[in-house]
Amino acid sequence: MAAAISSILIKNRDPEAYNLGTIVQNPRGCTSIDLDAACSNLVFEPSGPIANSEHGALVLDLVRYLFQDFFKRSHQTGLYNRQMRLWQVFSKVEKVEFKQLEGGFFTRTLKPALQVAFKSQTGHVLFLALVVLGGAEQFNLVQDFLTQTAKIQGRQGSYLLRGVFIVQSEPSELEKTRQYLVKATNGEDPVARYDSYLPSPFFVHANLLSFATGAETSDLAAPVSSVETDGGECELEESGRAVTGFSLVYPGLSRIEPPRKLLMDAGPASTSLT
């Protein structure tokens with residue numbers, strides 16, 4: 001039996017108010033207040049079997065993090081300039097589908113990982129996420145995920161797939177993935193690091209996240225509030241449970257790294273794929 005696919009719909013509470021589309025159309029002209037208004041306008045609506053999904057709460061927290069904290073911090077730090085192709089399509093995502101990965105030929109077994117697809121109104125995958133839940137040989141899961149990424153890129157055509165997010169919690173496994181991304185994206189270069197661009201056959205921006213999981217609950221539709229931590233990342237608090245917290249590992253945006261001016265001076269990210 002194939003793993004069940006669960007989904008989350010992303011909508012604007014008020015279509016006439018500030019939204020992500022408003023921001024990406026004029027990123028240099030918007031303020032932090034505009035960003036807050038656009039992200040607060042988002043509604044994340046679980047659909048189908050997500051309420052009964054074992055990992056539904058984790059994925060919902062990831063979606064909230066990406067569309068609220070990551071989107072805003074990308075703008076505030078200037079990272080959006082280096083990953084413009086990915087950042088722009090956040091406004092076009094209307095549905096998130098996720099499932100637990102499977103393996104085996106004759107007997108299908110579940111792998112300790114989730115694949116999350118962020119889709120447009122037309123059903124095209126605009127970016128992907130891999131959430132590694134634990135276990136050994138995690139880097140093999142990452143490699144398999146990137147192989148799948150290349151296949152989706154080729155199947156959809158026109159470079160519609162713009163980026164990937166790899167999400168892990170084990171420090172040693174995070175470091176393996178980080179080292180791979182540094183090498184694959186020319187991360188020793190202070191500007192190319194922020195592009196974090198995987199070339200052929202992927203043609204995507206790649207971001208590595210860490211996460212720490214709290215207690216889960218089935219109350220997925222409850223509203224959340226954001227609280228900024230000392231590291232600048234955003235942890236979510238929700239009534240009834242401790243919500244998963246995420247941090248951007250690569251390319252890192254800590255206070256000791258090059259400030260926004262360096263990223264801005266490097267100019268806008270190229271949209272050329274040739």
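Biologist: Let's start with R178: why is this residue called partly exposed?

Modeller: R178 has a relative accessible area of 27%. Buried would need a value under 20%, and exposed one over 50%, so 27% falls in between and R178 counts as partly exposed. Please keep in mind that this is a predicted model.

Biologist: What makes R178 and E175 a salt bridge?

Modeller: A nitrogen of R178 and an oxygen of E175 are 2.9 Å apart. The cut-off is 4 Å between a side-chain nitrogen of Lys or Arg and a carboxyl oxygen of Asp or Glu, so this pair qualifies. Both residues lie in helix α7, 3 residues apart, about one turn of the helix. E175 is partly exposed as well, because its relative accessibility is 30%.

Biologist: Why can residues three or four places apart in an α-helix point the same way?

Modeller: An α-helix has 3.6 residues a turn, so such residues end up pointing the same way. As for the pairing, side chains of opposite charge can pair when their charged atoms come close.

Biologist: How do you know that K176 and E173 form a salt bridge?

Modeller: Their closest N and O atoms are 3.5 Å apart, and that is within 4 Å, so the pair counts. K176 and E173 also sit in helix α7 and are separated by about one helical turn, being 3 residues apart.

Biologist: Are these two partners buried, exposed or partly exposed?

Modeller: K176, at 45%, is partly exposed. E173 has a relative accessibility of 11%, which is under 20%, so E173 counts as buried.

Biologist: Which residues of α7 are buried, and what do they pack against?

Modeller: The buried ones are E173, L174, T177, L181 and V182. They pack against helix α6 and strands β6, β7, β8 and β12.

Biologist: What makes E45 and K11 a salt bridge, and where in the chain are they?

Modeller: The N to O distance is 3.2 Å, which is within 4 Å, so this pair passes too. E45 is in strand β2 and K11 in strand β1, 34 residues apart, and the pair links distant parts of the chain. E45, at 32%, and K11, at 39%, are both partly exposed, because both values lie between 20% and 50%.

Biologist: How many salt bridges are there by this rule?

Modeller: The count comes to 9.

Biologist: Let's turn to S74: why is this residue called buried?

Modeller: S74 has a relative accessible area of 3%, and the cut-off for buried is under 20%, so S74 is buried. This serine is in helix α3. Leaving aside residues up to four places away in sequence, S74 touches L79, Y80 and W87.

Biologist: Which members of the largest nonpolar core touch the most other members?

Modeller: Of its 46 residues, they are L66, F67, F90, F118 and F127. Helix α3 gives the largest share of this core, 10 residues. Beyond four places in sequence, the residues touched by L66 include F71, F90, F165 and L209. There is also a second, separate core of 25 residues, with L130, L141, A150 and I152 among them.

Biologist: How much of the chain counts as buried, and how many helices and strands are there?

Modeller: Of the 274 residues, 51% count as buried. The chain has 9 helices and 12 strands. Among contacts between residues at least 6 apart in sequence, 70% join residues at least 24 apart.

Biologist: Where does pLDDT stay under 50?

Modeller: This applies to residues 215-240, for which the model has 61 contacts beyond four places in sequence. Residues 255-274 are also under 50, with 36 such contacts. The chain averages a pLDDT of 83, and 79% of the residues score at least 70.

Conventions
Residues numbered from 1 in each chain as written. Predicted model: local features only at pLDDT ≥ 70, side-chain atom pairs only at ≥ 80, totals over all residues. Heavy atoms only, no water. Helix = DSSP H or I, 4+ residues; strand = E, 2+ residues; numbered from the N terminus. Buried < 20%, exposed > 50% of the residue type's maximum accessible area, 1.4 Å probe, protein only. pLDDT = per-residue confidence, 0-100. Contact = heavy atoms within 4.5 Å. Core = buried A, V, L, I, M, F, W, Y, C linked by side-chain atoms within 4.5 Å.
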